[in-house]
Amino acid sequence: MDNPAEVPEFTVDIPERKQLSFKANVLRHDLLSLGVHATGLAGFSLDEQLVPDLFELSDFTLSEASTGLPIYRRYNSDIHRPLKFMFLEVAAFPQVRIMRALMPHFTLRYPFMERCTLDTTNAVIAHNFTPSIFAAGQINWPRHGSFAREKGFMSAALIRDPFEELAERLLFLTYLSKQPSAAAQGKNYAVLLPIVEGADLSDTHSILAAFRKLSPEQRRLLRSPMTALFGCTPDEDVQRRHVSVALDNLALFDAVGTREQFADFAECVDGLIGVRAFGSHSMEKLPGTDGLQSILRDIGFVADLLDEDIALHNFVKDAVKEGLQQERRGSEGSQEFVSLNSRVS
């Protein structure tokens, strides 16, 4: 728990039944001695005293009550894929339809990992009680990538036009600024909200004026977020050299694609995980993204802010294009070989 003095509460969700809640009921002397928890009352025992038919249930989920994060769920080999899959993309606007298509195929699902603390992220990656985990979001690869590979995670990354990403982020911030619950989206969004307050996103001069007033923290959050995600540890400032680091890290992924070639990326990832999830959907954007993207592309101040991501996107786009061309040439060669064999036969 974020508050080490708090006694955690858990929930048990069983299909077609009322949710059951209970507080920690096991004293963890190890957590107390390590100073992780003030009293040590942070463990739990779930047995037939709480759920009489527990061992007969084919499906139930145990979660932490305040966050809703799942801790345990029974693996069903008829439904769940026996693999751990991690999907990384920088996006303020989540692709909910794709997430909904993917998640039923995994036992444990963590779709918005950027909202989790460092300890929680490590716990998700280190989870040893199920072979089926889906994790997605802006998971810092230099910090967590090696650990994820060590724990057997398959990884996929989707790169996008940095001007498009920034345009969508600004539009999403504008939406949040009109919502009373905007703070629930996380600390980073709260820091960025002042950028769009009073700004006219259809006017170049208004946008430029807003960006010229960026605080150091706001600038750090907006500065080439893709390069930061794949090439920098959280305590590093993005520099041009991190583009090379990001490319080296992306080379370790099982699949890398761009939004421009999303259909090819979707086909590749669906083949890797063994279910048709990505390919059954297209990427969605907030209305107005394309128009704002065009305005941002003509502002030099914005281009300087996204310099590393522009380079990273271009490198990945060229690599993906070349890879697809090679694959198609190889496929055509195989077809010609088969045809030749048929004629000879």
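Two residues are in contact when heavy atoms lie within 4.5 Å. In this predicted model, residues 24 or more positions apart account for 68% of the chain's contacts with a separation of 6 or more. Local features need pLDDT of at least 70, and side-chain atom pairs count only at pLDDT 80 or more, while totals for chains, interfaces and linings use all residues. Residues are numbered from 1 along each chain as its sequence is written, and side-chain values use heavy atoms, with hydrogens and water left out.

Start with the whole chain. Its secondary structure comes to 14 helices and 11 strands. Both are DSSP runs numbered from the N terminus: helices are H or I with at least four residues, strands are E with at least two. The C-alpha trace spans about 75 × 65 × 35 Å along its principal axes. Of the 345 residues, 43% are buried. Buried means under 20% relative accessible area, exposed over 50%, and partly exposed in between, with a 1.4 Å probe and protein chains only. The accessible surface comes to about 18,100 Å². Carbon and sulfur atoms hold 51% of that surface. These areas come from the Shrake-Rupley method with a 1.4 Å probe; for residues, only the protein chains shown count as cover.

Now the charges. The chain has 35 positive and 46 negative charges, and their mean positions are 1 Å apart. Lys and Arg count as positive, Asp and Glu as negative; His and the chain ends are not counted. Each charge is placed at NZ of Lys, CZ of Arg, CG of Asp or CD of Glu.

Next, the aromatic rings. The structure holds 14 aromatic pairs. Rings of Phe, Tyr and Trp (its six-membered ring) pair if their centres lie within 6.5 Å; planes under 30 degrees apart count as stacked, over 60 as edge-to-face and the rest as tilted. Phe10 and Phe22 form a tilted pair, 5.5 Å centre to centre with 35° between the planes. Phe10 lies in strand β1 (residues 9-13) and Phe22 in strand β2 (residues 20-23), so this pair ties together parts 12 residues apart in sequence. Phe10 and Phe22 are both buried. What is the geometry of the Phe87 and Phe278 pair? The ring centres of Phe87 and Phe278 are 5.1 Å apart and the planes stand at 75°, so the pair is edge-to-face. Phe87 sits in strand β7 (residues 84-88) and Phe278 in the loop between α11 (262-273) and α12, so the pair ties together parts 191 residues apart in sequence. Both Phe87 and Phe278 are buried.

Most residues other than glycine have a negative phi. Glu16, not a glycine, has a positive phi of about 65°. Ser224, also not a glycine, has a positive phi of about 35°. Glu16 is in the loop between β1 and β2, and Ser224 in the loop between α8 (216-222) and α9 (225-231). Is each one buried or exposed? Glu16 is exposed, with a relative accessible area of 87%. Ser224 is buried, at 0%.

Turn to the helices. In α12 (residues 289-297) the buried residues are Thr289, Leu292, Gln293, Ile295 and Leu296. They cover an arc of only 160° around the axis, which puts them on the same side of α12. The arc is that of the directions from the helix axis to the C-beta atoms. The buried residues of α12 pack against α5, α7 (204-212) and α13 (300-305). Helix α10 (residues 241-250) buries His242, Val243, Ala246, Asn249 and Leu250. Seen down the axis of α10, these fall within an arc of 125°, so they line one face of the helix.

Phe211 belongs to α7. Phe211 is buried, at 2% relative accessibility. Leaving out residues up to four places away in sequence, Phe211 touches Leu166, Leu170, Leu222, Phe301, Val302 and Leu305. Phe211 and Phe301 are 90 residues apart in sequence, yet 7.8 Å apart in space, C-alpha to C-alpha.

Tyr175 lies in α5 (residues 162-177). Tyr175 is partly exposed, at 47% relative accessibility.

End at α14 (residues 307-344), where His313 lies. His313 is buried, with a relative accessible area of 3%. Neighbours within four places in sequence aside, the contacts of His313 are Ile159, Arg160, Asp161, Pro162, Met226 and Glu260.
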